[in-house]
Amino acid sequence: MEECVLVTSSHNTDDRAIVVTGMGIVSPLGNTIPEFWANLCRGKSGIAPLTSFDVADFPYHNGGEVHDLAAQGGQPAATDSVDPATRFMLAAADQAVRDADLTAAADPRATAVVLATNFGGMRSGEDLVAWITGDGPRTDAMLTEFNMQTGADRVANQWGWTGTRTVLSLSCASGAAAIAYGALLIRMGRATRVLAGGYDALTRFCWSGLGALRTMTKGALRPFDLNRDGTLFSEGAGALLLEDAAAARRRGVTPYAVVAGCATNNNAHHMTAPAPEGAGSARVMAAALRDGGIAPDSVDHINAHGTGTKANDSTETTAIKTVFGPHAARTPITSIKSMTGHLMGAAGSAEAIASILTMRDGIIPPTINYRDPDPECDLDIVANHARPATVKTVISNSAGIGGCNSAVVLRWTDACRAGEVAS
Amino acid sequence: VNRRRVAITGIGPVSPIGVGREAFAAALNAGRHAFEPLSLFATTATQATLAAEIRDFDVQPLLAGRKAYLDRSSQFALGAVALALRDAGFETPPADTGLAMGTAFGSMQTAGVFFEGFLEKGTRFVKPFLFQHTYANTAIGLAAIEFGLPGAHLNFVGALTASASAIAAAYDLVASGLASCMVAGGHEALTEYIYAASDDAGLLCRAATATAAAGPFGKARGGYIPAEGAGMLVLEDWDAALARGAVIQAELTGIGFAADSAIDTDTCTGRGICAAMQAAHDDTAHPEPADTIFASANGAWYADRGEALGILAAVGSQPCPRLVTLKSLLGEALGAGTALQTIGAVLALNGQARQLPGPTDAALDDSLAAAGLSCGSDATATPPRHVAVNAVDPGGNVVSLRLQQTQI
């Protein structure tokens, strides 16, 4: 079968490689990389009753919200007129740029921004609709903040970058797709560095719609468990600074990891239901592996999409078996969504970050709330407690409404940042 | 990366001036615009009243089966993909064919109706089936399903540069050999929400009639006339296109990116536009100066001026090439804008669109004329050979595409 590779990149840290040199996160589990990672490793849940809007009339009351962003120094340039989703993205990008020590060394023309989101500035979109219907006041910023391009413009302008700035919207496959397209830009020589990020905020619009789709649970989010009955959505942003390896080396920056291979595709099957046997998901994972020239049996860990819905987790399991064959059973797999909630457009970014930290520190964060094995999800689930492991190659898998899929293969080499033991 | 040549083998325009290759080309040759008072929704609360609407378009005959519901933008997108695939002569597109689309506000009409239902009746009475049609990637997902296009899949949401980014991404995928065939373009639908908010923000042309509108690069221009539609192009690996006997309508030879946060200000020098045009020129394997420029200009005061200055900087001491302002007929179709411009460029390159709209000396902004911008639009001119297509977003992003006549 012809596969659908998005980008090929070298899978070692030679000068042709694409590397990750900075990371940033805003999430229900913390608004710094150390806090986020420590909470993941200790199996903490970021799910709680929602407080940012009144959910009394909604059927679902629990989700993952961002707290204390301003108190933690998130994005001083973002005022209240900036949409909350964009504020999340600005704060994550700010962390990634500083983490990469890029502020003084960036070549503005060679630095691009590729963001991705499901709903972008939908809080501002709600204001716009309410203004039209007479249910709300006119606000100066409603159109600008609703325009998804604004997020990328704000990130680029923050640092004076004049490379291309784009925003993708591929539902819950968005975050990984941003990495894939960012890597393509570097590979094609369109940019030396790309700030690749995913972001979304919880709003009444999306909470109402996602609730109506009946994909959420009123209980615990328990991916791959026999009694799983839905996901829980959350908000946040993840940012990765992708960089041409030679440029990173010239700056004297030690990378976190190599972006070894990426792919995007579509099931071409149904808007909301997974393809039978997870065919599209299998194709995108196989394509990303082939893209990086990586044999399936050299993958040490799978960071799954793992939403906690009946349909996703069983079809994703089938897809993994299709791609990895017998190696699937001996490859540890986790879903950090069990702790972060489903971060929508930020999910693929946050999961790539977790994958990189897994390789750095040799610890796989757990899939919490896991009680009863499901015969249809008979993989090596890292259940409830973090597991020490030597992981040098990881694949992060994503999928979304509309039938879109994306996958990213990340590798750690001796030239990457040395590991630390997470507390 | 060893580049492969990228052939354009199919076009699918769904526009206010015509649907399909022949109708679109005929409207261009007739110089026919589509500006009328809005009929889709009331304009009593807005100062602008004009728009370029698509009327009497029925997508259903172009689809395999009847759809229970489609957002207006999805109708345009699906129609354009169907027309482009048909135009490319495919019975079945290659198995790895992918999609790259752009839009500014996607399925905003459905999103607005959905949220109005929430505001009116509360969350327990919203219509679930509508929600899946509210996503920005609804149209591209539906297209993948409808036409069986499972390959690389990218959906850009970037206002005026969205479809340019999509075409550029598709170019990179095919040129690098990562895809053999991509359908790329963009779509947009007029909605009351965005029309009213754009009017409120002072972005729209407030002329009462089309003849009173200043138009791109014009004197006393004060905004654009909003439009809707979709444009899709089939991009193929050159050798694969030749091997299947496809008609190569034009060659996409290069792309260029840049940005300039000052575009929507009076301090814009055109630096970002110039940089993107230069990058696209340099990206071309055997670069020749563009003899024709399809400008992004839409009647916006600052952005038009910035683009003019950028073009002049890019041209340098050479005579100003022919300027084509397709938006003087089409209006500003946001996410579909550059895709329709590119289709116009393809039709011009292969001689089907012989009369191309441009600013006239009498209408040209005096300050731009003084800066050296000349009209160069000549109804009797020979077909262009090397074309630049610009996409300029007032937020700062700039994409420039380079096309040339087919040379086997």
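Analyst: Helices are DSSP runs of H or I with at least four residues, strands are runs of E with at least two, and both are numbered from the N terminus. Keep in mind that this model is predicted.

User: Thanks! Where in chain B is B:Asp56 found?

Analyst: B:Asp56 sits in the loop between strand E4 (50-52) and helix H2 (72-87) of chain B.

User: What is the phi of B:Asp56?

Analyst: Start with the general idea: most residues other than glycine have a negative phi. B:Asp56 is not a glycine, yet its phi is positive, about 60 degrees.

User: Is B:Asp56 buried or exposed?

Analyst: The cut-off for exposed is over 50% relative accessible area. B:Asp56 has 83% relative accessibility, so it counts as exposed.

User: What about A:Asn384?

Analyst: A:Asn384, also a residue other than glycine, has a positive phi near 70 degrees. Its loop lies between strand E13 (380-381) and strand E14 (387-388) of chain A. With a relative accessibility of 29%, A:Asn384 counts as partly exposed.

User: How do I read a helix such as H12(B)?

Analyst: In general, an α-helix has 3.6 residues a turn, so residues three or four places apart point the same way. Length can be checked too: at 1.5 Å a residue, the 13 residues of helix H12 (residues 337-349) of chain B should span 18 Å, and the end C-alpha atoms are 18 Å apart, which agrees. Just after H12(B) comes B:Gly351, with a positive phi of about 85 degrees.

User: How much area is buried between chain B and chain A?

Analyst: The size of an interface is often given as the accessible area lost when the parts come together. Here that area is about 5700 Å², with carbon and sulfur atoms giving 67% of it. On the chain B side, B:Phe115, B:Tyr135 and B:Leu178 lose the most area to chain A, together 11% of what that side buries. Contacts link 66 residues of chain B with 66 residues of chain A.

User: How many salt bridges are there between chain B and chain A?

Analyst: There are three. A:Arg190 pairs with B:Asp172 in a salt bridge whose closest N and O atoms are 2.7 Å apart.

User: Which elements of chain B give residues to the side that touches chain A?

Analyst: Those giving two or more residues include helix H3 (108-121), helix H6 (162-175) and strand E9 (250-259) of chain B. The largest share, eight residues, comes from H3(B). By class, that side of chain B has 38 nonpolar, 19 polar and nine charged residues.

Methods
Residues numbered from 1 in each chain as written. Chains lettered and ligands numbered in written order. Predicted model: local features only at pLDDT ≥ 70, side-chain atom pairs only at ≥ 80, totals over all residues. Heavy atoms only, no water. Contact = heavy atoms within 4.5 Å. Buried area = accessible area lost by both parts, 1.4 Å probe. Salt bridge = Lys/Arg side-chain N within 4 Å of Asp/Glu carboxyl O. Nonpolar A, V, L, I, M, F, W, Y, C, P; charged D, E, K, R; others polar. Expected span 1.5 Å × (residues − 1). Buried < 20%, exposed > 50% of the residue type's maximum accessible area, 1.4 Å probe, protein only.
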